[in-house]
Each structure stands twice: as C-alpha cells, then as structure tokens.
Amino acid sequence: MRRMLMAASVFILMLAYASPALAHGFGPTYDIPIPLWLYLYGAAAAVVLAFIPLALFSRKERDTYQYPRFDLFGIPWLRKLLNSRLLIGGLRVLSVVLFLVVVIAGLVGLQSGFNFAPTFVWVTWWVGFSFFTALVGNLWPLLNPWSVLFDWAEGLARRVGFRDELELGEPYPEGFGIWPAVGLYLVFVWTENVFSGSYVPRNIALFALGYTLITLYGMAFFGKETWLRHGEAFSVFFGLLGRFAPTEVRVKDPGVCQGCDGCEPGRCVNCYGCFRRAAPEARELNLRPPAVGLGLPERALPGGAAFVIVVLAGVTFDGLLETPLWLEILRLTPITQTLGVMLLPLLFLGIYLGFVQLSRVLGGGGEAGFGQFAAAYAFSLVPIAIAYQMAHYYTYLLIQGQMIISLISDPLGWGWNLFGTAGFEPRYGIVGAGFVWYSQVALIVIGHVIAVYLAHSISLRLLRDPGRAFRSQLPMLVLMVLYTITSLWILAQPIVK
Amino acid sequence: MSPDEISVDEGDTVTLRVSTDKPMELHVHGYDAEQEVEPGQEAKLHFKADLTGRFEIEDHESEKEIGLLQVRPR
C-alpha cells in the first residue's frame, strides 16, 4: 500500500477560540459523512426496493393481527425466571437508584468534566435504551422510575393507615388524548437539540426533578395508568419503539381490558396497564417478527399521529442541525433553532397529511375516515426513523457509551473508584469509517423496505381490496422515498458546528 | 485552530507543526498522540493515521476542543 506523508502547519489561537455548539446533547460525532456515490447508490436502492414488496405482497388481504408468535412463558423455567420477584423487584430498585444517582451527581457532582449524569442520560439511557427497546423489547413500563416511585409511595401510604389510594382519579378529558405527551416530548426534543446547557449536570438534575413533579402530579390527579398512557412522554415514546420490537406482551383474558382506552378486548397487545392487571395465566410474552406491532389496528387516541410525526421530525432535526443547509437557513431567514424545533414537525405533518389525502384520492376512502388513515399510516414511517436513528448514533453509542464504565466508579467526579474501573479509557476505532458508511446505508435501506411493507399491509387492512390498496400506495411510496433520501442526504452532509 | 479541520487518508504518516499563543498540551483523540506546546516555539506532533473516522483535537490543559482530525478510509 502506498504510504503518504502528510504534513500540516497548525496555528492555535486560544484567545479566539469559542466553545463549539455541541450537537446531540453532548459529545462528538465520530463518523465521516458518507461519500456522494454511496449516497446516490443508497437513494437508488430505496427507489427500486420500494416496489419489490408491492410486487411480492400485493395479492391478498390479510389480517395484520395474525402473525407467527412464540410464547416465552410457555417454557416453564423461563416463565419462572422472568416472573421472579427477585429479578423484577431488583431491576425496579436498580432503576430508581440510577435515577437518584443522576439527580445527586447533577446537583452536587463536578459540573465540568467527569460526571455520571450527562453520559448516563444522553448516551446510556436516551440512545442505548431506545436501541434496546426497538431491537429487544420495551422494558420501560417495568423500569420507569416515576412509576416505581409512585407504587412505593402508594405502598407506604397504605402501610401508615391511608385507606384510599393516592390517585384522585379525576376523569381524564377524552379530547386531550395523548396531546400532553406530544407537548412534553417536544420540550424534550428542544432540550436535547437546542438548549445549550443540556449537558450541564445541574440542568439535567433540575429538568429531571421538574419532570418528576409533573409526572407524579399527573399520576396522582388522573390515575397512574391514565397518565402513563396519555401524558408521560417517555412511556408513549418507548411504547412506540416497542411496537417495532420482536417481542410483545399480550393479555388473553378480554375481561381485563374493560374500560381501557389503549386496546380492544381480545386484541390486547403491548397494553402495559392491562398486562399488569392480568392474572399470571392470562399473560403472554411473545417473540414475533420485528415491526409487525406497527401494523396492528389500534384505538387511535387524539394526538396519536401527531406524536409519531413529532418523533420523526425530531430525529431528522437532530441530524439537520449539523448540516451547512441549516446554517444557511439560520443566517438568511428569521428562523431560529427553537422555531425550527416547532416548525419542522408542522412541515412534516402538512406533507404527511397531504400524501395521506392523495392516497385516499387514488385508492378511495373505503369504510375508514381520513383520521383513521392518518393515524394508521403514521406508524409505517417509524422503521425509517428507527433505522436513521441507529445509523446516526450507533458509533456514538459504541464509543461514548464506554465512558459509563469509568463514570460508574466515580459518578460525582470526586476522584472515587468504587468498582475499580475509574481509570478505564474508551477504545476508539472499534469500527472503521468504511464499515460505518456501508452499515449506515444498509440500515436505512432495510428500514425503508420494512416501512414500505408495513404501509402496504395497513392499506390492505383499511381498504380490503388489493387493486385499490395498490393505487393508494403510490403516494405513500413517494413519501417514503422522500423521507429515506432525506435521511441519507443528512448522513452525506459535511458536519458543521 | 487554523485550519479548523485536518483531513488525511488512512495509513498516512502525519506530522503536525504546531504553534500557539498560549502554553498547552495538545492531544488527538483516538490516537495516543500528545505534545506540549509553548508559545514562540514550533512543536511537532507525529503519528500514523491508522484509525478512520473523525477525532477531536483537544487541549488537555483547558480540556477544550480546538479542532478536528478526519481520517478517510482508503
């Protein structure tokens, strides 16, 4: 191999140095933008592959509720293990302990440099736990520290002689749907991407405490399950990712689901409130093909599609922030970062609803109304967002995620070495930049194909006619190709700060 | 840092000639390349670019990022 000798003169002026705006919460990006030719190949593949599922699966109408599954609770030792109080209770205690460590490290720990809070919240939990939820399953309903704390508070209240539950059980206004979660999630996206102090430990602790107040109050006022399903942004978010996951929880006894607005009796999949209430014999923990959960018919709550669109836009915004185009937009228009966080979801929503309407014009309305179409198709775009998020973040998780190994030994930055790992240095170069390029493009193209397949099965479910479903899919294909190519385009952009 | 970003190809042998207006300890992330730099003197930082990707160049004295090294795969 030819060896080049590179020499460069570098001049460093510390006085002129300004602190760089850090993208995604905190920490550097390790990836080199994908080269133009690879971007073009990826885009071409997205267009060509879009039609393959359509050609292969367009024949018959199928019930999206029917798919192969395997009940893990059918294996006696696994059932025993997964239901053991020791394991479940231990995980819940661990979750609350980690939450408290974040808050304490944020409040009293070292504010610059070594601190557990930023890495745990932005890398381990936000990126790592999201990936886990999408690729393995949704453990958030079990681990959610606010839900655990609320349970403990209730147990304590009962023990000291409080006869009533802590829940006031005020009726939840039906029209609110999941709009409170949409609003809170939007605030979170702003904090992650726009707020310049998002990686300052003290701010993280204060945000966590503020959100704790909102969540505990919501659970006490409207009832725990009601708030978790409508207002707790992370329960709704991880619930959405969990629909992609290759595992599901299911309740066999329809009686459990009476009065639940998250599922239909007899078709109770990933409705965690019902799962919790159900008797052990009525529970299933199934393996299933990935992403089928996104195609399931569900009771659409007001704000449901909006939440999905806000997630899609948030993921894109995160990448867009680092592109030269965005800098130009900031420079030439009155748009600011904060305005961008709010406008991009609106733009996405407008484009999305336009394409849904086109799809209905071409395929006919069927029995379902516009709202039902809009609610159902939104889910089919989620695999593209998950794939993009993984492409965008996986090297970051691999490298920056290693920091947690040393931080766990010295969470406050006070020079402790609790587990003897404080001196651990992260290893770079686990994956080469060439591999990163190909895997990023492959991930996005795979996400795209899954999305096309999902949209098609949703259209068959809603329209009940292969011919009309086929016609209705043409606008959706254009929409998906647009979204996929936008995602690839962002990965191909030079990163600016 | 001027230039903001240094771009090299995988396998290159890189020499950075560094001058500064303040004493600092230069460190290239991912590479164990470290060099103390004093104002008024030119310091040399020498390493082989065998890891691909984007790496921060930082000053260990102030813990601040001052630039980027980009190593493109061959």
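# Briefing on a predicted two-chain model

N270(A) sits in the loop between β4 (268-269) and α11 (272-277) of chain A; helices (H or I, at least four residues) and strands (E, at least two) are DSSP runs, numbered from the N terminus. This is a predicted model, in which local features need pLDDT of at least 70, side-chain atom pairs count only at pLDDT 80 or more, and totals for chains, interfaces and linings use all residues. Residues are numbered from 1 along each chain as its sequence is written, while chains are lettered from A and ligands numbered from 1 in the order in which they are written.

**Positive phi values**

- N270(A) is a residue other than glycine with a positive phi, near 50°.
- With 23 C-beta neighbours inside 10 Å, N270(A) counts as buried; a residue is buried if 20 or more other C-beta atoms lie within 10 Å of its own, exposed if 12 or fewer, and partly exposed in between, with C-beta atoms placed from the backbone.
- R464(A), also a residue other than glycine, has a positive phi near 55°.
- R464(A) follows α18(A) and belongs to the loop between α18 and α19 (466-492) of chain A.
- R464(A) has 13 C-beta neighbours inside 10 Å and therefore counts as partly exposed.

- Helix α18 of chain A covers residues 433-463, which makes 31 residues.
- From its first C-alpha to its last, α18(A) reaches 45 Å, close to the 45 Å expected at 1.5 Å a residue; the expected span is 1.5 Å times one less than the number of residues.
- Of the 31 residues of α18(A), 25 are buried, so the helix is largely enclosed by the rest of the structure.
- The largest nonpolar core has 110 residues; such a core is a set of buried Ala, Val, Leu, Ile, Met, Phe, Trp, Tyr and Cys residues joined through C-beta atoms within 7 Å.
- α18(A) gives the most to this core, with 18 residues.
- The residues with the most contacts inside the core are F307(A), V308(A), I309(A), A378(A) and M480(A).
- M480(A) is in contact with A50(A), L381(A), I384(A), H448(A), A451(A), V452(A) and A455(A), leaving aside neighbours within four places in sequence; two residues are in contact if their C-beta atoms, placed from the backbone, lie within 7 Å.
- Another core, of 18 residues, lies apart from the largest one and includes V18(B), M24(B), L45(B) and V71(B).
- In soluble globular proteins, nonpolar side chains tend to be buried together.

- In chain A, helix α3 (residues 85-108) and helix α6 (residues 145-159) pack at an angle of about 110°, with their axes 9 Å apart.
- Axes here are lines fitted to C-alpha atoms, for helices over the stretch in contact, and angles run from 0 to 180 degrees between N-to-C directions.
- α3(A) and α6(A) are therefore roughly perpendicular to each other; angles of 65 to 115 degrees count as roughly perpendicular, under 35 as roughly parallel, over 145 as roughly antiparallel and the rest as oblique.
- R92(A), S95(A), V96(A) and F99(A) make the contact from α3(A), and P145(A), V148(A) and L149(A) make it from α6(A).
- These contact residues divide into 5 nonpolar, 1 polar and 1 charged, where Ala, Val, Leu, Ile, Met, Phe, Trp, Tyr, Cys and Pro count as nonpolar, Asp, Glu, Lys and Arg as charged, and the others, Gly among them, as polar.

**Individual positions in chain A**

- M476(A) is in helix α19 and counts as buried, with 27 C-beta neighbours inside 10 Å.
- Beyond its neighbours within four places in sequence, M476(A) is in contact with F355(A), S359(A), Y377(A) and A455(A).
- F114(A) lies in the loop between α3 and α4 (116-135) and is buried, with 20 other C-beta atoms within 10 Å.
- Not counting residues up to four places away in sequence, F114(A) touches L407(A), D410(A) and G413(A).
- V431(A), in the loop between α17 (403-407) and α18, is partly exposed, with 16 other C-beta atoms within 10 Å.
- V431(A) and I399(A) are 32 residues apart in sequence and 9.6 Å apart in space, C-alpha to C-alpha.

**A loop position in chain B**

- H60(B) lies in the loop between β6 (53-59) and β7 (64-72) and is exposed, with 12 other C-beta atoms within 10 Å.
- H60(B) touches E25(B) and H27(B), not counting residues up to four places away in sequence.
- H60(B) and L26(B), 34 residues apart in sequence, are 6.3 Å apart in space, C-alpha to C-alpha.
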